[in-house]
Amino acid sequence: MLDQSVLEQIARSQAGDGVRIWRHDREPISPMNAVLDVVDTMVSHPYSIFWVSGGAPETFSLPDLDPAVVLFSTRHLEMMGQLRGILTTFWLDGPMLEAVAEQVSLRILAELTLRQGDPALACHLMAESLSRTTVDFPRMTLMGLEREPISESYLSVWFYGLLHEMGHVAARERDHTRRGGPDTYLGSLADAVLGKYFGDHSEAVRKRRAELERIDALDSAVLTAEIDADLFSVQALFEGTYRVFERSGTLDQLNAGRLASDVLLMFGLFHVLNSCALAVRLRDGADAADLYGNVANAVRLNVIIDFLAELLTRTGTSEPGEEDVAGMRQKLVAAHDRINARFTTFDRGHALALRLCLFPHERRLDAIGGLAAFLDKQFSSAVAGPDIRHFLALADSLDISHPDLDLLVELASTPGSAKELLADRQRIFLLPWVSGDGVDMPFLLPGRDKQVAFVFGDDEVARVFVEESRSMLAPNLELTSRVVVSPTEQNVVITVALSVPEGVRDQLRVVFEGTPEFGEQFERLADGSFWPD
């Protein structure tokens, strides 16, 4: 069994060196410890929970360690609380809800992108978010969450994500079977959902999945593992909520139906954060998107609804009747439909944010200029200030430095004259450019898996690169260095993306002199491993 110091090192290696980490104290009487008392009755494998303060909005587990490690992020809590507030504020609707969804999704993506080590894009996404602010929806802080009265929603926000991760720990020792096991129950449910999504094409989709022979979200083992964690979290949340209300003497105020609705809402919010994390991984060169992720989520949602229907109709030790379960299921589906109507509107803004993360040609050129103009408006710095300070603190905690971060610091410290300062912070980038015979675009080198555009800051290095690359072009084409004046790297990335053929955009990679990736690509050019086989 690993000792405390080793566990802390493991936790820190996962969260980042600069973040604050501490092991959760099980001694004080608190709602969290009441819920964990329930967990202890359901999990025999030892575990340690570490709080993470100052990191990105991520909560995750390392269930195979002894003891297992679960990282519980305060930022994850804050974002779940804010997302819940947005979805349950009913005056926020239509285009206004879409706009706020885009703003908060961009903020989440900015933090996750910073965590993944791309500060230039992270700064751009933060600038996009802040400069698009049309409604100053209140930020949720950990202190604000702590001040809320104990309720079903309070416990759902605080513990749904944590209990899901504890479910992965529990899955090491539990054989989850229902209604004949996953092959029958989950298989038939997955077939039904596939039919709903793909209609007459569902059989062709099944055959295509079989032909690909790759693990996806509908893979039986993957799906069962997630459902295991889902149902564990629901069971533990219900039992833990009962215990918290009982200890506080307010058991008569506990509303199981309200808690069930909160579970369905939290499942949707979990998906929002997970889709942001997936977009960041895809942008960073992960495997192609899992086309069956939404289908798998629909399967998981239906399993949760089935489970809740049985849970809410069970009395004592007797099994509920089929008619009672069916009736309760109808009520839960109706509750989900009401929640989903809000998510449908939210998802339109959320999808726009995901596209800005994934597709450079859709990003706004000079978003940093838009942020400077926003900061120069009266009171706008008070609106944007807390988010900028948190973002910069995250960069500090991750020990990340970058000229675009430095620029953000300067802009935030000079509200009222941010545009004037920005005009003095222009940088010169040199972009190899090919022209002639109907061609006018950035010069790209066809790498093993990407079309790479090299961007230079040093005149001499750029000159040598252009001279050595001319021999690769046809005689009727000319290669020169084009000057791009910009305060940020992202303006250059967007310029390149807008200037290349549409079919090349999904293979494009823009690398800047002075970055580790630039050095790596040049080393690959030198040893010959850059080029396709």
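Figure 1. In strand S9, serine 481 is the bridge partner of proline 432, and the two strands concerned, S5 and S9, pair in the antiparallel sense over nine bridges. The model is predicted, so local features need pLDDT of at least 70 and side-chain atom pairs count only at pLDDT 80 or more, whereas totals for chains, interfaces and linings use all residues. Residues are numbered from 1 along each chain as its sequence is written, and side-chain values use heavy atoms, with hydrogens and water left out. The sheet is open, has three strands in the order S6-S5-S9, and shows antiparallel pairing. Its edge strands, each pairing on one side only, are S6 (439–442) and S9 (478–486). Neighbouring strands of this sheet are turned by 30° against each other on average, direction ignored. Strands (E, at least two residues) and helices (H or I, at least four) are DSSP runs numbered from the N terminus, and two strands pair if DSSP finds at least two bridges between them.

Figure 2. Strand S5 (residues 427–436) pairs with S6 in the antiparallel sense over four bridges. Valine 434 stands opposite methionine 441 in S6, and glycine 436 has valine 439 of S6 as its bridge partner. Two residues lie between the strands of this hairpin, in which aspartate 437 takes a positive phi near 55°.

**Figure 3. Helix H18 on the sheet.** Helix H18 (residues 459–469) lies across S5 and S9 and runs at about 150° to S9. Axes are lines fitted to C-alpha atoms, for helices over the stretch in contact, and angles run from 0 to 180 degrees between N-to-C directions; contact means heavy atoms within 4.5 Å.

**Figure 4. The crossing of H12 and H13.** The axes of helix H12 (residues 293–313) and helix H13 (residues 322–358) come within 8 Å and cross at roughly 130°. That angle makes H12 oblique to H13, because angles under 35 degrees count as roughly parallel, over 145 as roughly antiparallel, 65 to 115 as roughly perpendicular and the rest as oblique. H12 passes H13 in a right-handed crossing, a crossing being right-handed if the near helix is turned clockwise from the far one by less than a right angle, and left-handed if anticlockwise. Among the residues making the contact are Leu301, Ile305 and Leu308 of H12 and Val325, Met328 and Leu332 of H13. By class, the contact of H12 with H13 has nine nonpolar, three polar and four charged residues, where Ala, Val, Leu, Ile, Met, Phe, Trp, Tyr, Cys and Pro count as nonpolar, Asp, Glu, Lys and Arg as charged, and the others, Gly among them, as polar.

**Figure 5. The packing of H5 against H15.** Helix H5 (residues 119–131) and helix H15 (residues 380–397) pack at an angle of about 165°, with their axes 11 Å apart, which makes H5 roughly antiparallel to H15. The contact is made by Ala122, Cys123, Met126 and Leu130 of H5 and by Ala384, Asp387, Ile388 and Phe391 of H15. These residues divide into seven nonpolar, no polar and one charged.

**Figure 6. Two loop residues.** A cis peptide bond, with omega about 5°, joins aspartate 66 and proline 67, and proline 67 lies in the loop between strand S3 (60–62) and strand S4 (68–73). Aspartate 366, found in the loop between H13 and helix H14 (367–375), has a phi near 65°, a positive value in a residue other than glycine.
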